[in-house]
Amino acid sequence: MGFGTLRNWRLQFKLLRAGGGGSEEGISPFQTFCAVAAYRVAVGNIGGVCVAILAGGPGALFWMLVTSLITSAIAYAENSLGQLYKVRQDGQYRGGPYNYIESGLGWRPLAVVFALLALVAVPLFVSGAGANNIGMAFQNSMGIPPAVSGAVVAVLLFLVISGGVRRIAKFSTIIVPVMTLMYLAMTIIILVVNYDKIIGVIELVISSAFSMNSIYGGLFGSAVVYGVKRAVNSSGAGMGETPPQAAAAESPHPAEQGLINAFTVYIDVTVCICSGVMVLITNCFNVLGPDGSYMYVGTGSPIMAEQAASATAGVVWVQEACNTVLPSLGGVIVAFSLLFFAFSTTVAYYYEGESGLAYLARNKSQKTRDKMIWVLRIAQPLMFFAWFNVTAATAWAVSEIALGLMIWVNGIALIFLFPTVIRVYNDYMAQIRAGEPQPHFNPHKLGIKNADVWMDLNKESIRSYARRYKAEQEALERAEEEARLEAEKRTAPEKQST
């Protein structure tokens, strides 16, 4: 794509601002953007960053940044494909990896496997790490037992997801801007208080990233590995969890929604940097050496020694970093930030499960599908509550096994669908360069099969373009004929003279 998701950030921002208001069948591009951002910004942006620094040193933050920007291309690919192969079902647009695996590749058995993973693994198991970290954060900052916080959050989760995609979209458009700005404000406060250390932290990250730091020089390999691992986990690009939200949008061209949703990676990167900067600048971080012993234990908080003794890394680091500026209150702010991040992500996880269920039950009656969906709406909050009461290691292990299974299936499909991704992208950019005021998608023009819903969605645009193209061709032919006749008139006297 020629780094198209990075070079075209102005176009992405313009598309985000100019997005329509949706329709009876689809939600607006901005609502989809917020729903996808809600998925991306999660516990991995706080706890995951701390894990990366623990195992890879401060340099891991740099490689997280680089990896997250590159994975925006993967985010574009899967979200544009989600739009491309969407279908109409029960009065709304549905889509996801199962649709593009079956319609784009013809691999129906693999599509069924992914749909089962989406139904079971995502809403019931992937959400475990987020639930566990919420319980940990409120217990650390306010002394609330995980069972209590888990019960409250589980009830709130049910109230949101019971309203379907429209309530989820409305919830996301409210919570995503608020939670991101709140976390950014906390970071700015810490930077202002510790302004004299900013240059030192930047130097620390860069020198550690390239194995030039005197303390962390031996962690180059770990910095890269854990930076990449945590970035992939944080953004979720390639796992196939955001295409259902992308498919739900009302859009004139698949590439348009792909570019908008790829833009969410910038929010993910911003929150990751905020977490890393806060713990580094306040000295609330620990680093494990290659031999498994601690090569550095932070002195910004007495709790860092306790964290080292228990070999723990996570949201507590960020809470202690904020407590250095706003004692007690800082930890509470982070706890609520984590609640918003993990909760909004879990809502997005639910919709992935619902979309997978809708695909598996597409041959059932709508009444039967609705009953099955309500079973999922009850099951996920109950399972979410259960994750509050297990160990963090168990929650992370189960979550990452589930994600790993999904990225293997979806990642392989994306490789084989690469030509289609580029064809759709080039078609959209060609229309932009030609000055087309509203690029539209015609799958027949590109030779793409099993995407006939677009012929109906864009029928007026396709007809208008065909009429305009025919008129332009006729005008061109007339001009060429007139030029030929004029040339013959000029050469006629010469021929007579000869």
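A salt bridge, for this talk, is a side-chain nitrogen of Lys or Arg within 4 Å of a carboxyl oxygen of Asp or Glu. Keep that in mind, and keep in mind that this is a predicted model.

By that rule, the count here is 6 salt bridges.

Start with R88 and D456. Their closest N and O atoms are 3.0 Å apart, which is inside the 4 Å limit. R88 sits in strand 1, residues 87-89, and D456 sits in helix 24, residues 453-457, so the bridge ties together parts that lie 368 residues apart in sequence. How covered are the two partners? R88 has a relative accessible area of 36%, so it is partly exposed. D456 is at 34%, so it is partly exposed too.

Next pair: R94 and E354. Their side chains meet in a salt bridge at 2.9 Å, N to O. This one also links distant parts of the chain. R94 is in strand 2, residues 92-94, and E354 is in helix 19, residues 329-360. The separation is 260 residues.

Buried or exposed? R94 has 5% relative accessibility, so it counts as buried. E354 is buried as well, with a relative accessible area of 2%.

E354 has another partner. R377 forms a salt bridge with E354, and the closest N and O atoms are 3.5 Å apart. R377 comes from helix 20, residues 366-387, and is 23 residues from E354. At 10% relative accessibility, R377 is buried.

Y98 is in helix 7, residues 97-105. Its relative accessibility is 0%, so Y98 counts as buried. What does Y98 touch? Beyond its neighbours within four places in sequence, the contacts are A111, F114, A115, A118, P244, E352, S355, G356 and Y359. One more distance: Y98 and V113 are 15 residues apart in sequence, and their C-alpha atoms are 8.3 Å apart in space.

Now helix 4, residues 47-56. How many of its 10 residues are buried? The answer is 9, so the helix is mostly covered, buried here meaning under 20% relative accessible area. The buried ones are G47, G48, V49, C50, A52, I53, L54, A55 and G56. What covers them? The cover includes helix 5 (60-70), helix 13 (220-235) and helix 16 (264-281). It also includes strand 3 (286-288), strand 4 (294-297) and helix 18 (315-323). After helix 4 comes G57, with a positive phi near 80°.

Two of those covering elements form a unit of their own. Strand 3 and strand 4 pair in the antiparallel sense, over 3 bridges. Within that pairing, V287 has Y296 in strand 4 as its bridge partner. The two strands make a hairpin with 5 residues between them. G292, in the turn, has a positive phi of about 95°.

Q307 is in helix 17, residues 303-309. Its relative accessibility is 8%, so Q307 counts as buried. Leaving out residues up to four places away in sequence, Q307 touches N286, Y294, T312, A313, G314, V316 and W317. N286 belongs to the range of strand 3, and Y294 to that of strand 4. With W317 there is also a polar contact: the two side chains are joined at 3.2 Å.

Last stop, the surface. Which residues form the nonpolar patch? They are I199, I202, I206, F210, M212 and F220. Together they have about 590 Å² of accessible area. Helix 12, residues 198-209, gives the largest share, with 3 residues. I199 is in helix 12. Its relative accessible area is 55%, so I199 is exposed. In general, an α-helix has 3.6 residues a turn, so residues three or four places apart point the same way.

To recap. Helix 4 has 9 of its 10 residues buried. And at the surface, I199 is one of the residues in the nonpolar patch.

Conventions: Residues numbered from 1 in each chain as written. Predicted model: local features only at pLDDT ≥ 70, side-chain atom pairs only at ≥ 80, totals over all residues. Heavy atoms only, no water. Patch = residues over 30% accessible without salt bridge, like charges linked within 9 Å, V, L, I, M, F, W, Y side chains within 5 Å. Areas by Shrake-Rupley, 256 points an atom, 1.4 Å probe, with all protein chains shown as cover. Helix = DSSP H or I, 4+ residues; strand = E, 2+ residues; numbered from the N terminus. Buried < 20%, exposed > 50% of the residue type's maximum accessible area, 1.4 Å probe, protein only. Polar contact = N/O pair within 3.5 Å; in protein donor to acceptor, adjacent residues only side chain to side chain. Contact = heavy atoms within 4.5 Å. Pairing = 2+ DSSP bridges.
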